[in-house]
Amino acid sequence: MPTTAPAAPAELADVTASDSTLRRFLHGLPGVDAVGLEARAASLGTRSIKTTAKAYAIDLAISMVDLTTLEGADTPGKVRALGAKAVHPDPTDRTTPATAAVCVYPDMVAVAKEAVAGSDVKVASVATAFPAGRAPLSVKLADVREAVAAGADEIDMVIDRGAFLAGHYMKVYDEITAVKEACGTSARLKVIFETGELSTYDNIRRASWLGMLAGADFIKTSTGKVAVNATPANTLLMLEAVRDFRAQTGVQVGVKPAGGIRTSKDAIKFLVLVNETVGEDWLDNHWFRFGASSLLNDLLMQRQKLATGRYSGPDYVTVD
Amino acid sequence: MAFEYAPAPESRAIVDIAPSYGLFIDGEFTEAADGKVFKTISPSTEEVLSEVAQAGEADVDRAVKAARKAFGKWSALPGSERAKYLFRIARIIQERSRELAVLETLDNGKPIRETRDADLPLVAAHFFYYAGWADKLDHAGFGPDPKPLGVAGQVIPWNFPLLMLAWKIAPALATGNTVVLKPAETTPLSALFFADICRQAGLPKGVVNILPGYGDAGAALVAHPDVNKVAFTGSTAVGKQIARTVAGTHKKLTLELGGKGANIVFDDAPIDQAVEGIVNGIFFNQGQVCCAGSRLLVQESVHDELLDSLKRRLATLRLGDPMDKNTDIGAINSAEQLARITALAEQGEAEGAERWSPACELPSSGYWFAPTLFTNVTQAHTIARDEIFGPVLSVLTFRTPDEAVAKANNTPYGLSAGIWTEKGSRILAVANKLRAGVIWSNTFNKFDPTSPFGGYKESGFGREGGRHGLEAYLDVR
Amino acid sequence: MSDKTEKTEPRLSVFKTYKLYVGGKFPRSESGRVYEVTDSKSNWLANAPLSSRKDARDAVVAARKAFGAWSGATAYNRGQILYRIAEMLEGRREQFVREVADAEGLSKAKAAAQVDAAIDRWVWYAGWTDKIAQVVGGGNPVAGPFFNLSMPEPTGVVAVLAPQESSFLGLVSVVAPVIATGNTAVVVASEESPLPALSLGEVLATSDLPGGVVNVLSGRTAEIAAPLAAHQDVNAIDLAGADEDLAKELETAAADNLKRVLRPQPVDYSATPGIDRLTAFLETKTVWHPTGALGASGSSY
């Protein structure tokens with residue numbers, strides 16, 4: 001399995017030498033035809049995943065969930081409940097895999113750590129003045145350091161979309177590398193582009209490369225806080241980016257669609273995208289995640305249906 | 001552990017294929033005059049699906065007489081009434097589309113994914129579109145009160161059996177003609193099911209007559225003195241023969257024939273979408289498509305990069321049981337077609353082109369051909385000139401837009417072409433220079449009932465689809 | 001001014017050598033042969049070139065060579081040139097009236113009516129060049145995220161067998177629509193009455209019409225038409241000047257490369273033409289462009 005390397009792989013070191021070289025590189029990436037991209041994503045969405053394949057996909061999807069609570073009203077009690085659920089998603093069936101992580105605000109990291117203690121479930125924390133990202137760099141870095149110090153295994157940062165849209169790519173790059181440095185060696189960095197705000201597919205491809213050049217361990221679609229979050233098309237595009245990046249540099253980067261994925265059917269479509277775009281190297285929660293909350297219960301109900309042959313209902317999964 | 005898709009077969013139970021079928025003449029199923037029958041098989045398994053009456057010259061005569069007899073009343077109906085029959089047909093096709101998709105997949109060998117998502121929706125849409133024209137012909141730009149021609153003799157191919165039927169029958173009926181249609185000998189079933197749909201729709205007897213049979217029946221239909229209109233889709237060789245047959249008569253003729261479409265990829269193309277378009281261009285329906293993008297013209301500066309991407313993509317194509325909803329590549333339609341594809345591919349190798357296919361296990365029974373691409377192909381290679389009508393892509397290179405256009409046009413065919421570039425002005429300039437009837441920029445193999453389709457040069461003449469498609473069935477010019 | 005007026009013999013007129021019009025030049029027939037052209041009372045009028053298959057071949061080469069630039073010219077430019085042809089004809093009206101009267105045995109008034117109608121026909125078609133695309137082309141409302149446009153384009157090189165009876169009005173009525181849309185033409189003049197057609201070549205040569213766009217051959221229609229109908233680089237053929245047997249033979253030959261064939265049919269050349277002769281030699285090209293949304297709005301699940 002390829003390992004994560006430090007920022008700007010040697011092959012592409014020149015690219016980040018200056019604002020202008022970075023700009024030329026990003027603008028030199030092949031364009032994206034929106035209709036063609038969406039048609040391809042929709043066509044993969046027609047795959048029919050049944051029986052054994054469905055069972056496999058549901059367990060895989062459960063194991064890839066970053067079970068998320070990002071509310072102003074989060075409390076230690078809520079986070080503890082979430083942690084318990086992440087470790088044992090279905091109390092009636094201990095064969096159910098644990099989720100990949102719980103994802104919380106930085107001030108809840110310690111609580112979350114405690115809640116998942118003794119399991120393989122990671123604690124991810126959004127940082128960098130999530131979700132807007134509109135704070136001074138020093139504040140963002142402090143946010144990251146606090147979360148890491150509290151034990152966060154993963155940091156989900158948001159990029160400065162304003163800087164990106166203004167064409168200040170180097171500023172975005174520098175910010176990501178600074179956050180990466182603040183993550184140290186213990187935390188993996190997920191870089192959120194807020195694709196709904198970048199708006200065009202060309203921008204999403206450029207942001208993907210920018211994030212990967214700056215050392216992202218994961219590239220992530222969205223915060224879940226804007227109108228358009230993860231879609232099959234933007235996720236397909238980001239999968240193409242990580243595929244091409246590995247082909248060019250040997251460095252593998254993970255992908256995390258987040259926001260708006262609520263049903264098993266949706267989740268399985270994303271897994272099909274992964275399977276047919278980047279293949280089995282990414283079919284593992286080290287390299288692919290779902291940022292979601294309500295998705296898990298639907299996966300669990302579908303899992304129960306497959307096990308028993310009966311349709312399940314919301315009373316048979318836990319409400320947290 | 002890999003993510004293996006479990007078999008997801010579409011249920012065959014939805015379609016009830018009778019052990020035998022007759023000819024459909026004057027609203028009745030009937031045996032052939034000489035009692036001949038032929039078997040239609042499923043090309044993916046070689047299983048016999050049914051035994052079908054085989055039309056001969058006497059049956060053609062009977063069908064043309066029935067169509068002639070029906071013509072008077074049918075053409076005299078108010079357009080609004082003809083429209084309602086066609087709307088009924090469109091709706092019944094929508095209701096029965098799953099059944100028809102399964103049937104088509106069984107008889108043709110193409111994947112259920114395509115019959116379900118492409119063929120059947122387009123068939124219903126075509127009837128729906130032309131239904132609306134039936135009472136608006138005064139406004140179609142062919143002068144006031146344009147008249148139908150009379151009896152239309154129509155001969156269709158096996159690659160899109162029901163869709164080609166729709167392309168022929170819908171405009172013919174909308175304009176007030178009556179029809180004798182001969183489906184291909186390897187795919188007669190969906191046309192016979194269509195006959196049943198005509199009965200369900202209450203279409204008057206004799207307005208549509210279906211004559212399953214071989215080339216001799218098609219030739220007899222084309223030559224019949226009481227046919228006023230001949231429409232043919234198929235090979236250029238047969239098209240020329242038909243043109244000779246109707247020479248010196250008053251029969252109106254439209255031909256939709258072969259192609260050797262160029263898919264031109266410039267260095268600034270949206271590469272990932274171009275790869276999808278190339279795959280769709282040549283592997284849709286196993287490449288058995290007259291407008292297939294069978295020649296890939298790649299700008300030399302992106303050749304290696306594009307070929308790497310293309311090969312990686314081909315490795316993900318799923319070949320196998322056409323009834324499986326996840327199958328991308330189904331069976332070749334017949335042993336005869338498989339032999340032709342095989343021979344041309346061998347000739348490509350013999351002439352020095354480099355052959356490549358992804359690792360791909362072919363089923364043991366049925367007719368199969370792995371997705372294949374040839375590199376190092378030049379204009380002089382047979383595989384760059386002859387229509388292969390199979391899943392075989394010839395890759396050529398070019399250096400400049402001028403050269404791309406010159407190579408694309410360097411063929412007696414002129415049906416389709418594709419252009420991949422992010423530069424808008426180049427799309428328009430190149431599209432303007434290409435001598436082909438249908439051009440897809442940054443897409444490929446898109447069809448729509450409102451959109452005229454047809455060729456330049458030896459790809460035939462006349463247009464099917466859209467307002468233009470009416471002209472073929474009206475007594476104008 | 002001299003007073004002395006000598007009685008002299010009437011001035012001996014200068015005969016015209018009628019020549020072909022090919023590639024913008026006026027060659028004699030490659031065969032070196034001519035045939036006698038007479039008026040309706042069998043009086044000798046002139047010798048006309050007896051074109052051979054090689055003349056036909058040369059004319060096709062010239063027409064093909066001219067096709068790129070002529071079809072690529074703007075429709076406005078083609079309209080201007082067709083109008084210029086009308087202007088030039090107007091100036092040589094008397095000559096054509098005489099030639100048509102001789103050729104068709106018409107009174108001067110009737111011949112003049114024919115010529116006037118022919119001039120007006122050029123004006124009619126001059127106006128069509130930049131309108132036909134709007135009449136027969138257009139956008140198609142396809143069900144999907146695509147912008148899709150169908151436009152007419154010229155078929156290519158068209159062989160035109162000019163009508164046998166109407167030596168000038170008929171000729172203009174079949175040639176003008178062919179070139180109005182950007183095709184180039186190889187015209188076989190009326191066999192018995194080729195002189196107005198050959199003279200038309202002289203008008204075309206001085207009307208800014210690029211050489212090769214119209215090529216005029218005279219001779220035996222059946223002899224010249226056969227190689228044209230079979231020619232693989234001719235895209236279409238107008239059989240107006242062929243009788244039933246010849247038309248069938250030519251249509252059969254034309255099938256070899258699937259030429260577009262306009263069969264002979266009764267035509268009243270004095271009536272205002274419709275657009276049928278324009279559309280007979282047009283192809284429809286449909287071009288699809290993706291449109292999609294402005295932004296990455298996402299696809300449906």
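1. Into which domains is chain B divided? There are two entries in the assignment: domain 1 takes residues 12-257 + 456-473, and domain 2 takes residues 262-441. Please keep in mind as you read on that this is a predicted model.

2. Let's stay with those domains of chain B. The centres of domain 1 and domain 2 of chain B, taken over C-alpha atoms, are separated by 30 Å. Where they meet, 22 residues of domain 1 of chain B are in contact with 26 residues of domain 2 of chain B. On the domain 1 side of this contact, α3 (97-108) and α4 of chain B each supply at least two residues. The most comes from α4(B), with three residues. By class, this side of domain 1 has six nonpolar, eight polar and eight charged residues.

3. The largest nonpolar core is worth a look next. It has 255 residues, and those with the most contacts inside it are Leu86(B), Val160(C), Val186(C) and Val187(C). Helix α5 of chain B, residues 161-174, gives the most to this core, with 11 residues. Why can the core be placed between the two domains of chain B? Both domain 1 (12-257 + 456-473) and domain 2 (262-441) of chain B give residues to it, so it lies between them.

4. Leaving aside residues up to four places away in sequence, Leu86(B) touches Phe127(B), Tyr130(B), Ala131(B), Ala134(B), Ala170(B), Leu173(B) and Ala174(B). There is also a second, separate core of 108 residues, which includes Met108(A), Phe164(A), Val179(A) and Leu271(A).

5. Now to the contact of chain B with chain A. It takes 20 residues from chain B and 24 residues from chain A. On the chain B side, the elements that give two or more residues are α4 (112-133) and α9 (271-283) of chain B. With five residues, α9(B) gives the most to this side. The residues here divide into seven nonpolar, six polar and seven charged.

6. Asn280(B) is placed in helix α9 of chain B. Is Asn280(B) buried or exposed? It counts as buried, because it has 23 C-beta neighbours inside 10 Å, and the cut-off for buried is 20 or more. Asn280(B) touches Phe444(B) and Asn445(B), again not counting residues up to four places away in sequence. Asn280(B) and Asn445(B) are 165 residues apart in sequence, yet their C-alpha atoms are 7.0 Å apart in space.

7. How many residues of chain C are in contact with chain B? The count is 29 residues of chain C, in contact with 32 residues of chain B. Four elements of chain C each supply at least two residues of this side: β4 (146-154), α9 (244-254), α10 (276-279) and β10 (282-290). The largest share, eight residues, comes from β10(C). This side of chain C divides into 12 nonpolar, 10 polar and seven charged residues.

8. Strand pairing also links these two chains. Strand β17 of chain B, residues 438-441, and β10(C) pair in the parallel sense over three bridges.

9. A few words on chain C by itself. Its secondary structure comes to 10 helices and 10 strands. Along the principal axes, the C-alpha atoms of chain C fill a box of roughly 105 × 50 × 30 Å. Of the 301 residues in chain C, buried residues make up 52%. Among contacts in chain C with a separation of 6 or more, 74% are between residues 24 or more positions apart.

10. Finally, a check on one helix of chain A. Helix α11 of chain A (residues 232-249) has 18 residues and should span 26 Å at 1.5 Å a residue; its end C-alpha atoms are 25 Å apart, which agrees. The helix α11(A) is mostly covered, with 14 of its 18 residues buried. Just after α11(A), Gly250(A) takes a positive phi of about 80°.

Note on methods. Residues are numbered from 1 along each chain as its sequence is written. Chains are lettered from A and ligands numbered from 1 in the order in which they are written. This is a predicted model: local features need pLDDT of at least 70, side-chain atom pairs count only at pLDDT 80 or more; totals for chains, interfaces and linings use all residues. Two residues are in contact if their C-beta atoms, placed from the backbone, lie within 7 Å. Ala, Val, Leu, Ile, Met, Phe, Trp, Tyr, Cys and Pro count as nonpolar, Asp, Glu, Lys and Arg as charged, and the others, Gly among them, as polar. A nonpolar core is a set of buried Ala, Val, Leu, Ile, Met, Phe, Trp, Tyr and Cys residues joined through C-beta atoms within 7 Å. A residue is buried if 20 or more other C-beta atoms lie within 10 Å of its own, exposed if 12 or fewer, and partly exposed in between; C-beta atoms are placed from the backbone. Domain bounds come from an automatic or database domain assignment. The expected span of a helix is 1.5 Å times one less than its number of residues. Two strands pair if DSSP finds at least two bridges between them.
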